[in-house]
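Please go through this structure with the sequence and the 3D view side by side. The account goes from the whole chain to its sheets and then to single strands.

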Amino acid sequence: MLEIKDLCKSYREHNSKQIDVLSNVNLNIPGGAIVALKGISGSGKSTLLNLISGLDVVSSGQITFFNESVTSMNINQLSRFRKLNIGMIFQFFNLINDLTVYENILLPLLLTKVNKKDAHNRVMELLDNIGLAHRKDFKTNLLSGGESQRVATARALIINPRLILADEPTGNLDKDNANLILDLLIDTSRKNNSSLIIVTHNDNIINRFDKVYTLKDGTVN
Ligand SMILES: Nc1ncnc2c1ncn2[C@@H]1O[C@H](COP(=O)(O)OP(=O)(O)O)[C@@H](O)[C@H]1O
Ligand SMILES: [Mg+2]
């Protein structure tokens, strides 16, 4: 389903030397697989998720998703690819603070052909799942970190994506809410037979994954 071959990513800031973040990543994730990605801070986990979703551009190597080459897509193809396939939970949420909780969750569906009533029902169902129905009309800048994280999760799941990329999705949550979010992510993936990649540091949840990868020195093992 997702194939990553000889992936390299380097950054070069103005007047400074090149940093090689990912030096040779090879990874094969089957459809429906639920995997964790570990690695110390700065090891390149968020960078890898950004490359998979096409939000950042690889330095070299290939990423293939259902036999389509993500690394060969132009900007229009990439945005279409993302809106149809990818549900991303960003480490720092990236919610739109001028919009309400409801509107943030609905947003990805507005880019698709889902009718209004179905869209509304799906948002309400997810609001219920994340325990935030009572915050529906709040602007998201009024939410706590944990609440924002739950809204970001609902927004990522609204399109029933074929691939969910979750960047430390339980990092701001207490134990009960962490379990709730993890259950929601795993249940949704199993139900839709979608794949799930979760960046996590939490060893207590490691047994819930089909496989655990570690990113170290620019490669994944
Ligand atoms: N746009 C960028 N320009 C330069 N360096 C970057 C950029 N994005 C990330 N980095 C660097 O790449 C490394 C990996 O970052 P990141 O992927 O965020 O790590 P992680 O998510 O594992 O903590 C860090 O050293 C970070 O400073
Ligand atoms: Mg990160």
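The model is predicted: local features need pLDDT of at least 70, side-chain atom pairs count only at pLDDT 80 or more, and totals for chains, interfaces and linings use all residues. Residues are numbered from 1 along each chain as its sequence is written, chains are lettered from A and ligands numbered from 1 in the order in which they are written, and side-chain values use heavy atoms, with hydrogens and water left out.

The radius of gyration is taken over C-alpha atoms, and the globule rule is 2.2 Å times the number of residues to the power 0.38. For 221 residues a compact globule would have a value near 17 Å, and the chain agrees because its own value is 17 Å. The C-alpha trace spans about 50 × 40 × 40 Å along its principal axes. Buried residues (under 20% relative accessible area, against over 50% for exposed and in between for partly exposed, with a 1.4 Å probe and protein chains only) make up 48% of the 221.

Helices (H or I, at least four residues) and strands (E, at least two) are DSSP runs, numbered from the N terminus. The chain has six helices and 10 strands. Two strands pair if DSSP finds at least two bridges between them.

One open sheet has four strands in the order β2-β1-β4-β5, with antiparallel pairing. Its edge strands, β2 (19-29) and β5 (68-69), each pair on one side only. Within this sheet, five bridges join β1 (residues 2-11) to β4 (residues 60-65) in the antiparallel sense. Glutamate 3 has threonine 64 in β4 as its bridge partner.

The other open sheet to follow has six strands in the order β6-β7-β8-β3-β9-β10, and its pairing is mixed. Here the edge strands are β6 (86-89) and β10 (219-220), each pairing on one side only. β6 runs parallel to β7 (residues 163-167), joined by four bridges. Isoleucine 86 is the bridge partner of leucine 163, and glycine 87 that of isoleucine 164.

On its other pairing, β7 meets β8 (residues 195-199) in the parallel sense over five bridges. Aspartate 167 stands opposite valine 199 in β8.

Why is β7 largely enclosed by the rest of the structure? Five of its five residues are buried, so the strand is largely enclosed. Leu163, Leu165 and Asp167 point one way, Ile164 and Ala166 the other way, and all are buried.
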